[in-house]
Amino acid sequence: RSFPTLADRCAAAGYRTVGVGKLHHTPQQSGSHEAPYFGFQELDSTEDNRVGGYLDWAVRSFPEHEGYLLGSTFNIPTNEDWWRGRRDFRAQHLELRKQHVLPHEFSPRANWGFGHHSPLPPEAFQSHWIAERCLERLARHRDDQPLLLYAGFVDPHNPCAPPAKWQAAYPDASIEDRIANAAEQAHWPPHHRSLHQYFSAWTEDDFRHLRGLYYGCISFMDEQ
């Protein structure tokens with residue numbers, strides 16, 4: 001790369017630069033998982049697909065949920081450099097999803113990728129891992145050096161699957177009705193109309209329940 005980043009500038013000015021969570025750079029797809037990276041001297045990276053430090057930690061810490069954790073990943077890295085020296089579960093991925101993730105769907109129409117009922121305890125979630133990594137970095141930081149700590153949370157993001165406490169926090173009966181305007185929809189761009197058509201088989205209960213899970217994701221992230 002030929003352009004400087006904020007982390008580059010801060011590092012040059014004497015800052016300790018730390019990137020935690022989602023950077024939107026998907027370093028796993030380029031085969032990278034270690035710092036220095038885009039100006040970050042230290043890196044605890046995890047993206048939407050959950051592959052990387054978080055997944056490694058979660059499988060190790062919660063082996064009883066290994067099938068679910070591996071099966072719920074998506075957009076798995078195709079760069080072979082990423083898999084050298086790592087467990088390659090690509091061949092088992094779809095079967096793990098079928099066995100351990102699909103049973104947690106709440107509707108035959110709204111599949112796991114939109115939202116489902118996660119079996120994980122709160123402390124096994126990606127947002128919790130990101131928050132804990134940030135706190136650990138802060139706890140061991142020296143006061144005599146300035147710090148750039150970038151905390152990138154993935155939540156709220158599909159699939160919306162918060163912990164049980166937050167799954168129950170917004171029951172369907174509490175979710176307001178959707179706002180629909182047929183006249184407005186006639187002026188939507190073609191790709192918006194196509195997307196809307198994709199959801200035509202969904203019921204109002206599907207939409208209502210998914211929105212409750214989405215609200216639960218927001219509350220869980222706020223808690224972290």
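## Overall architecture

The secondary structure of the protein consists of 10 helices and three strands. The model shown is a predicted one. Read from the N terminus, the order of the elements is α-β-β-α-α-α-α-α-β-α-α-α-α. Along the principal axes, the C-alpha atoms occupy a box of roughly 55 × 40 × 35 Å.

Of the 224 residues of the protein, 44% are classed as buried. The protein exposes about 12,200 Å², and carbon and sulfur atoms account for 53% of that area. Where contacts link residues at least 6 apart in sequence, 72% of them join residues at least 24 apart.

## The cavity

The count of cavities of 30 Å³ or more comes to one. The space in this largest cavity is about 200 Å³. Its lining is made up of 22 residues, and those closest to the centre are Arg50, Phe125, Asp155, Pro159 and Ala161. Helix 3 (66-71), helix 6 (126-139) and helix 10 (204-223) are the elements that each give two or more residues to this lining.

By class, the lining of the largest cavity comprises 13 nonpolar, six polar and three charged residues.

## The largest pocket

The largest pocket has a volume of about 260 Å³. Its lining is formed by Arg178, Ile179, Ala180, Gln185, Trp188, His192, Leu195, His196, Phe199, Ser200, Trp202 and Phe207. Helix 9 (residues 190-198) supplies the largest share of this lining, namely three residues.

In terms of residue class, seven nonpolar, four polar and one charged residues line the largest pocket.

## Helix 2 and its packing

Helix 2 spans residues 53-61, and its buried residues are Tyr54, Leu55, Trp57, Ala58 and Val59. These buried residues of helix 2 pack against helix 3 and helix 6. Both of those partners, helix 3 and helix 6, are also among the elements that give two or more residues to the lining of the largest cavity.

## Lys22, a buried lysine

Lys22 lies in the loop between strand 1 (16-21) and strand 2 (42-45). Because its relative accessible area is 9%, Lys22 is counted as buried, the cut-off being under 20%. The side chain of Lys22 makes a polar contact of 2.7 Å with the side chain of Asp48.

Apart from neighbours within four places in sequence, Lys22 is in contact with Thr46, Glu47, Asp48, Tyr150, Gly152, Phe153, Val154 and His157.

## Phe3, a partly exposed phenylalanine

Phe3 is located in the segment before helix 1 (6-12). Its relative accessibility is 47%, and therefore Phe3 counts as partly exposed, as values between 20% and 50% are assigned to that class.

When neighbours within four places in sequence are set aside, Phe3 is in contact with Asp8 and Phe38. Phe3 and Ala164 are 161 residues apart along the chain, and their C-alpha atoms are separated by 44 Å.

Terms used
Residues are numbered from 1 along each chain as its sequence is written. This is a predicted model: local features need pLDDT of at least 70, side-chain atom pairs count only at pLDDT 80 or more; totals for chains, interfaces and linings use all residues. Side-chain values use heavy atoms; hydrogens and water are left out. Helices (H or I, at least four residues) and strands (E, at least two) are DSSP runs, numbered from the N terminus. Buried means under 20% relative accessible area, exposed over 50%, partly exposed in between (1.4 Å probe, protein chains only). Contact means heavy atoms within 4.5 Å. On a 1 Å grid over the protein atoms alone, a cavity is a set of points where a 1.4 Å probe fits but cannot get out, and a pocket is an open set with protein on both sides within 12 Å along at least five of seven lines; lining residues have an atom within 4 Å of a point. Grid points are joined across faces, edges and corners, and a volume is the space filled by probe spheres set on the points. Ala, Val, Leu, Ile, Met, Phe, Trp, Tyr, Cys and Pro count as nonpolar, Asp, Glu, Lys and Arg as charged, and the others, Gly among them, as polar. Accessible areas come from the Shrake-Rupley method with a 1.4 Å probe; for residues, only the protein chains shown count as cover. A polar contact is a pair of N or O atoms within 3.5 Å; within protein, one must be able to donate a hydrogen and the other to accept it, and residues adjacent in sequence count only if both atoms are side-chain atoms.
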